[in-house]
Amino acid sequence: CGVMAVYNHPDAARLTYWGLYSLQHRGQESGGIASADGEQVYDRKGMGLVSEIFTDDVLKQLPGHQAIGHTRYSTTGDSALLNAQPISVESTKGLIAIAHNGNLINLGTAKERLERDGAIFQTTSDSEIIVQLIAHSKCSTLIDCMAEALSAVDGAFSIVMMTRNRIFAARDPRGFRPLSMGRIAGKDGAPDSFVFASETCAFDLLHATYERDVEPGELVMVSEEGVTSRIFSKGVPQASCIFEHVYFARPDSRIYGRWVQQSREEMGRQLARESGVPADLVVPVPDSGVTAALGYAAESGIPFNFGLIRNHYVGRTFIEPTQRVRDFGVRMKLNPSRHLLEGKRVILIDDSIIRGTTSRKIVRMVRAAGATEVHMRISCPPTISPCFYGVDTPSKEHLIAAQKSLEEIREYIEADSLAYLSLIGLTHSCTKGETADGLSPGSFCTACYTGDYPSQQIDVTEILPAVA
Ligand code: SF4
Ligand code: MG
């Protein structure tokens with residue numbers, strides 16, 4: 001999912017909409033914006049793309065100087081309007097709206113407990129638990145209630161929250177998902193506006209400057225008194241999702257302090273060093289394989305070209321929820337450039353093989369277009385374990401690398417050769433060079449490649465009595 005927040009701007013809802021537009025790649029199922037004018041909270045949600053939902057008329061129904069927004073990609077809960085965010089909950093502390101990226105885990109019977117305590121859940125999404133915990137907290141100030149609720153849940157959360165006159169942003173203690181803060185300079189001596197976004201690419205369109213990341217375990221509040229911050233948890237090692245650098249985030253974003261483009265190019269270079277093969281042409285599987293393919297071509301000296309052309313009116317095939325849509329999607333989305341491929345030994349670069357069905361179709365497509373050899377190179381290690389932190393990888397039985405050996409996968413996708421980037425090569429690619437502010441190979445979650453999950457199985461109900 002993608003989240004966005006704007007504080008203190010006369011066009012808050014419109015800026016939030018632009019931000020969500022830049023974050024559309026993080027989720028295409030539903031979108032929503034909640035705004036507030038100091039008195040009341042307004043919200044509008046819909047299914048589909050943000051550009052379809054937020055027409056001028058709809059934006060006019062979202063007045064006020066602050067807003068939060070969300071674009072959804074379902075991992076838990078159904079893909080329905082009911083689960084579109086922001087979710088707003090009325091409580092004794094006033095109305096609280098939330099937009100969440102990530103997945104909560106180890107929730108145990110938290111929901112039943114809250115229900116016994118009088119909570120009425122509106123959605124089947126795990127995100128609502130956070131607001132209900134805040135609403136049912138006995139702490140004296142809102143920020144205390146929030147800090148308490150956030151330390152009671154486990155898993156991945158990059159969230160923005162809003163009351164009728166304040167904005168909050170928080171990241172889970174391991175910093176699984178990105179979340180950054182930016183600033184728009186006030187015109188003619190007016191106070192600055194503050195913005196928060198899942199990825200920094202959302203700032204550029206708003207003329208916002210990147211200020212800093214919301215830190216793992218940090219809760220930031222923006223109100224009339226300015227920006228305040230509190231650490232609600234520390235002492236847990238950082239475990240930021242490395243798959244954001246591999247595939248999920250946009251290459252023009254800087255996440256965890258590191259340019260995604262720089263990581264991806266390095267992945268391609270490292271892949272060429274680790275598993276080079278004689279060939280005539282390096283071809284990316286667009287769009288996700290493009291930057292790594294550029295790196296591979298630069299390092300190997302083999303020419304790069306767009307042997308597969310993408311139809312840009314088709315969205316991300318992976319984040320379409322059903323296999324049927326995905327299958328058809330591949331052919332709708334990609335078409336070969338026959339004149340480039342004919343008679344060539346081709347190296348195909350893609351970011352990942354999940355089920356193997358896409359890769360198999362693409363290899364066939366390239367061969368059918370006249371390639372004499374097709375060598376598949378993948379810019380991360382084999383995906384052997386599902387994600388519980390907000391990426392919708394299928395269960396082990398559908399993960400081809402959990403079921404088959406390298407040679408069996410090669411045979412299944414019908415490639416002449418197949419190689420993946422090593423784990424060390426991947427973490428090195430995401431930390432090498434000067435923009436890796438404080439990141440080390442150990443700063444990342446790599447569980448989908450290792451099966452070694454950074455969180456422990458703690459049942460949140462054991463912490464709950466103090467909270468609910
Ligand atoms: Fe990211 Fe994989 Fe960890 Fe999920 S399991 S957070 S996709 S690295
Ligand atoms: Mg792809």
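Cys-387 lies in the loop between strand β23 (373-378) and helix α14 (400-403); helices (H or I, at least four residues) and strands (E, at least two) are DSSP runs, numbered from the N terminus. The model is predicted, so local features need pLDDT of at least 70 and side-chain atom pairs count only at pLDDT 80 or more, while totals for chains, interfaces and linings use all residues. Residues are numbered from 1 along each chain as its sequence is written, and chains are lettered from A and ligands numbered from 1 in the order in which they are written.

Cys-387 counts as buried because it has 20 C-beta neighbours inside 10 Å. A residue is buried with 20 or more other C-beta atoms within 10 Å of its own, exposed with 12 or fewer, and partly exposed in between, with C-beta atoms placed from the backbone. Beyond four places in sequence, Cys-387 is in contact with Thr-393 and Cys-448; contact means C-beta atoms, placed from the backbone, within 7 Å.

Cys-448 belongs to helix α17 (residues 447-450) and is buried, with 27 C-beta neighbours inside 10 Å. Its contacts beyond four places in sequence include Phe-243 and Thr-383.

The unreviewed UniProt entry annotates Cys-241, Cys-387, Cys-445 and Cys-448 as "binding site". They span 208 residues of sequence, yet their largest C-alpha distance is 10.1 Å. UniProt positions follow the numbering used here, feature names are shortened, and annotations may be inferred rather than shown by experiment.

Elsewhere, seven of the seven residues of strand β4 (residues 66-72) are buried, so β4 is largely enclosed by the rest of the structure. Strand β2 (residues 30-36) pairs antiparallel with β4 over seven bridges; pairing requires at least two DSSP bridges.

Technical notes
Contact = placed C-beta atoms within 7 Å.
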